[in-house]
Amino acid sequence: MAAMIRFNNVSKFYPREYEALKNITLSIDQGELVFFSGHSGAGKSTLLKLIVAIERPTSGDISVGQQNIGLLRRSAIPYLRRNIGMIFQEQKILYDRNVFANVMLPLQVTAFDTKTSASRVRAALDKVGLLNKEKADPITLSGGEKQRLCIARAVVHRPTVLIADEPTANLDSGYARDIMAVFESFNQVGVTVLISTHDTMLLDTTQHRVLELDHGKLVA
Amino acid sequence: MSSWLSQHGYALMRALRQLAAAPVTSLLSIIVFSIVLSLPAGIFILLENLREISGQATDTQQMTIMLDTVAGQADIELINTQLEKMPAIEGFLFISKEIALQELKQESGMAEVIHNLGQNPLPDAFVINLGHMSANEIEKTQVVAQSWPKVAHVLVDTDWVRKLDAMLEVGRLVVIMLASLFGAALVIVMFNTIRLQMLTGRDEIELSKLIGATDGYIRRPFLYFGTIQGVVGAALAWLLLYLAITKLNEALSELARLYATTLTLNHLSWKDSLILLLFSGTLGWIGARWSVARHLSQIDHESTVS
């Protein structure tokens, strides 16, 4: 199967000589579901940020699909991100609008027409089980529902890659299982899914590939 | 095309919603624009009115030859012949002392005083239309006319027009300087307004960038906001000046009536009104663009290092 994401000797240094990633080389196939594990500060979030060009590598090459991220001009980054769905550790829900409007945002950004957008938003909400809450204020949602809202927002524009940074953090095991089931369902329809987590219970039970980071190095 | 239109329609709606969301702040900002624009625009209107008066005067450069009170018909005919021989002048008119007295009685409202004078104090005169003669030609014509017999005075009263023109030029520079200075102030006001809006909406901006929004998408509603505020501010300034001119014209017409003349101030022409709206809209746009560019790069930098 073709590689969707490639890292070739990628390192990332932050100011004051802090080395977040050291010579990472890896390849993730199209349609694969991969976990990145490791303790806090191991470099999981940095690795995911490099894929969506929130960060740029200090050295090495990264490619997503056929695009070399290192060669992308700043103006081309938005178009890269439109092919990737991202679930952020800090959720980034907008509390000044309802659930529907939150999920609509990626479609507004890409100028989808209103009718198509509305049906896509409802489809995404239906997929994560939030269709009956489309008019709800996000503040009224439970922790698991908020996370599902973030997933709906990440998949509404039908990306080829889905990235989730600690999606089950702060969720009890029941909610965590629900969330993982949603990711599995997207992966089954061909979406490449990358999940960073330090949830050992989740990692112990998974059948998918787990890449472990330790102090910025890929150890397994 | 429809996608481009829908993006702009969305940005315009967002800008209007932003204006409606904080009506008092928006109104205050618009009032600041209108007051700041009113001063240079008001001076400009005054200068344009003065320029019109000066223009009318320079368009009809005149020389008046006043004859001696003892001048007879032969002297008048001689001067008439001399003037006919001068191709540089556009025309001339003889005004006899009797006609001049009659006009003075009618126009000045001093009929009773003049009646009591006993004899006509006015001289016969030739009013010469000099057209667009240069200052040198006028001077030469004046010297020649002065040498004719029975000519008492030759008056060329265009010096005041030149002085007025020089003053108008100074005024024009003052307007340009004021407009530049106040324009810079308005750009700074808009910069700050947009800065506050971006701080308030920072979460949405950050998220939008992460999910694929271009800088143009983020910038657009703020540019519409700045431009709308600028244009509405200019429209309000236009209205304030219109009211001021209407009020001034009432007072001026009363004053002019006392001097048996007419005097009215004109408002900005349609062309100048349009320029005022475009100028102010552009200032709003520049302030917004500058602010968004600066704060977007700041957000980019902070989200990278965080």
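Here are some questions and answers on the domain and chain interfaces of this predicted model.

Q: What makes residues of chain A and chain B count as being in contact?
A: Heavy atoms must lie within 4.5 Å. By that rule, 19 residues of chain A are in contact with 21 residues of chain B.

Q: How do you know how much area chain A and chain B bury?
A: The value is the accessible area that the two parts lose on being put together, summed over both. For chain A and chain B this comes to about 1800 Å², with 56% from carbon and sulfur atoms. On the chain A side, A:Arg74, A:Arg81 and A:Val109 lose the most area to chain B, together 27% of what that side buries.

Q: How many residue pairs are in polar contact between chain A and chain B, and what helices supply the chain A side?
A: On the chain A side, α2 (77-81) and α3 (99-109) each supply at least two residues. α3(A) gives the most, with four residues. By class, this side has nine nonpolar, two polar and eight charged residues.

Q: Which segments make up domain 1 and domain 2 of chain A, and how far apart are their centres?
A: The domain assignment gives domain 1 as 1-83 + 159-220 and domain 2 as 95-157. Their centres, taken over C-alpha atoms, are separated by 23 Å.

Q: What do domain 1 and domain 2 of chain A bury between them?
A: They bury about 1200 Å², with 72% of it on carbon and sulfur atoms. A:Arg82, A:Pro159 and A:Phe186 supply 39% of the area that domain 1 buries against domain 2, more than any other three residues.

Q: What polar links does the interface of domain 1 and domain 2 of chain A hold?
A: The count of salt bridges is zero, while two residue pairs are in polar contact, both at pLDDT 80 or more. Helix α6 (residues 173-188) of chain A gives the most to the domain 1 side, with six residues. That side has nine nonpolar, one polar and three charged residues.

Key
Residues are numbered from 1 along each chain as its sequence is written. Chains are lettered from A and ligands numbered from 1 in the order in which they are written. This is a predicted model: local features need pLDDT of at least 70, side-chain atom pairs count only at pLDDT 80 or more; totals for chains, interfaces and linings use all residues. Side-chain values use heavy atoms; hydrogens and water are left out. Domain bounds come from an automatic or database domain assignment. Buried area is the accessible area (1.4 Å probe) that two parts lose on being put together, summed over both. A salt bridge is a side-chain nitrogen of Lys or Arg within 4 Å of a carboxyl oxygen of Asp or Glu. A polar contact is a pair of N or O atoms within 3.5 Å; within protein, one must be able to donate a hydrogen and the other to accept it, and residues adjacent in sequence count only if both atoms are side-chain atoms. Ala, Val, Leu, Ile, Met, Phe, Trp, Tyr, Cys and Pro count as nonpolar, Asp, Glu, Lys and Arg as charged, and the others, Gly among them, as polar.
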